[in-house]
Amino acid sequence: MGCVIAGGTASPACAERFTPPGIERGGIYIFNYEEITAFTSAVAGEVSALTLGSDVGFKLDMHKNTISWSEELVASETGNYYNQTFGGKIISFDTTTMLAIEGFVDVDVVIIAKMKNGDFITLGETGGLKLTTNTKNSGATAGDETGDMLEFTGINNGKAQKFFITDEATTLTALDSYL
């Protein structure tokens, strides 16, 4: 039986299901680029492990539906590269998070983020990303002051790669072990 469209929406019986776009709010891992001594790839286009120096990573929680990433190929006579951007609004006002954000200033970072479709994306792998925007204001109505808005940007030699180890649970366990 084929895919049934009812009211403009495909039925759940369809082989390809819609997965929501975006990044999961609690699945954002940030590492100091200089502290990563090696990226391991078992499959081309996928990172399967990090080797870290003395520094550990930081897991950041951001408001859902404020988090996004992008990359854009720039082709020039001197070579091709990708502009990569990652941004969102943080949830926590705790001291640990505030100190971590201060630690991101003037430091290249690598961000591994869990997408809502279950994939993990690695940004900044070949050149790092820098914290380029950190804004916050009180607002005028209830709920306006909801966290710092962060934006990281960088230039990388290749496309963003997946981060994956056998399955989602194993990948999350590995990322959590880097913290």
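What share of the contacts in the protein with a separation of 6 or more is accounted for by residues 24 or more positions apart? In this predicted model, such pairs account for 65% of those contacts, a contact being defined by heavy atoms within 4.5 Å. Because the model is predicted, local features need pLDDT of at least 70 and side-chain atom pairs count only at pLDDT 80 or more, whereas totals for chains, interfaces and linings use all residues. Residues are numbered from 1 along each chain as its sequence is written, and side-chain values use heavy atoms, with hydrogens and water left out.

The secondary structure comprises two helices and 14 strands; both kinds of element are DSSP runs numbered from the N terminus, with helices (H or I) of at least four residues and strands (E) of at least two. Of the 179 residues in the protein, 34% are buried. Buried denotes a relative accessible area under 20%, exposed one over 50%, and partly exposed the range in between, computed with a 1.4 Å probe on protein chains only.

An open sheet is formed by four strands in the order E8-E9-E13-E12, with antiparallel pairing; two strands are taken to pair if DSSP finds at least two bridges between them. Strand E8 (68-76) and strand E12 (130-135) are the edge strands, each pairing on one side only. On average, neighbouring strands of this sheet are turned by 15° against each other, direction ignored; the axes are lines fitted to C-alpha atoms, for helices over the stretch in contact, and angles run from 0 to 180 degrees between N-to-C directions. E8 and E9 are connected by a hairpin through two residues and pair over nine bridges in the antiparallel sense. Within this pairing, glutamate 71 has glutamine 84 of E9 as its bridge partner. Strand E9 (residues 79-89) is in turn joined to strand E13 (residues 149-156) by eight bridges, the two running antiparallel. Here threonine 85 is partnered by threonine 153 in E13.

Helix H1 (residues 95-104) has Thr97, Ala100, Ile101 and Phe104 as buried residues. These cover an arc of only 100° around the axis, which puts them on the same side of H1; the arc is that of the directions from the helix axis to the C-beta atoms. An α-helix has 3.6 residues a turn, so residues three or four places apart point the same way. On the other side of H1, the exposed residues are Thr95, Leu99 and Glu102. The packing partners of the buried residues of H1 are strand E3 (23-32), strand E7 (58-60), strand E10 (109-115), E12 and E13. The N-terminal end of H1 is capped by aspartate 94, a side-chain oxygen of which lies 3.0 Å from the backbone nitrogen of threonine 96.

The loop between H1 and E10 holds aspartate 106, which has a positive phi of about 60° although it is not a glycine. Aspartate 106 is exposed, with a relative accessible area of 68%. Aspartate 108 is found in the loop between H1 and E10, and its side chain is joined to that of lysine 130 by a polar contact of 3.1 Å. A polar contact is a pair of N or O atoms within 3.5 Å; within protein, one must be able to donate a hydrogen and the other to accept it, and residues adjacent in sequence count only if both atoms are side-chain atoms. Not counting residues up to four places away in sequence, aspartate 108 touches several residues, including Phe31, Tyr33 and Leu129. A positive phi, of about 65°, is also taken by asparagine 65, which lies in the loop between E7 and E8 and is exposed with a relative accessible area of 64%.

The largest nonpolar core contains 23 residues, of which Ile28, Phe86, Phe104 and Phe152 touch the most other members. Such a core is a set of buried Ala, Val, Leu, Ile, Met, Phe, Trp, Tyr and Cys residues joined through side-chain atoms within 4.5 Å. At least two residues each are supplied by E3, E7, H1, E10, strand E11 (120-123) and E13, and E10 gives the most, with four. A second, separate core of 13 residues includes Leu50, Ala174, Leu175 and Tyr178.

In helix H2 (residues 168-177), the buried residues are Thr171, Ala174 and Leu175. Seen down the axis of H2, they fall within an arc of 100°, so they line one face of the helix. Ala169, Thr173 and Ser177 are exposed on the other side of H2. The buried residues of H2 pack against E3, E10, E11 and strand E14 (161-163).
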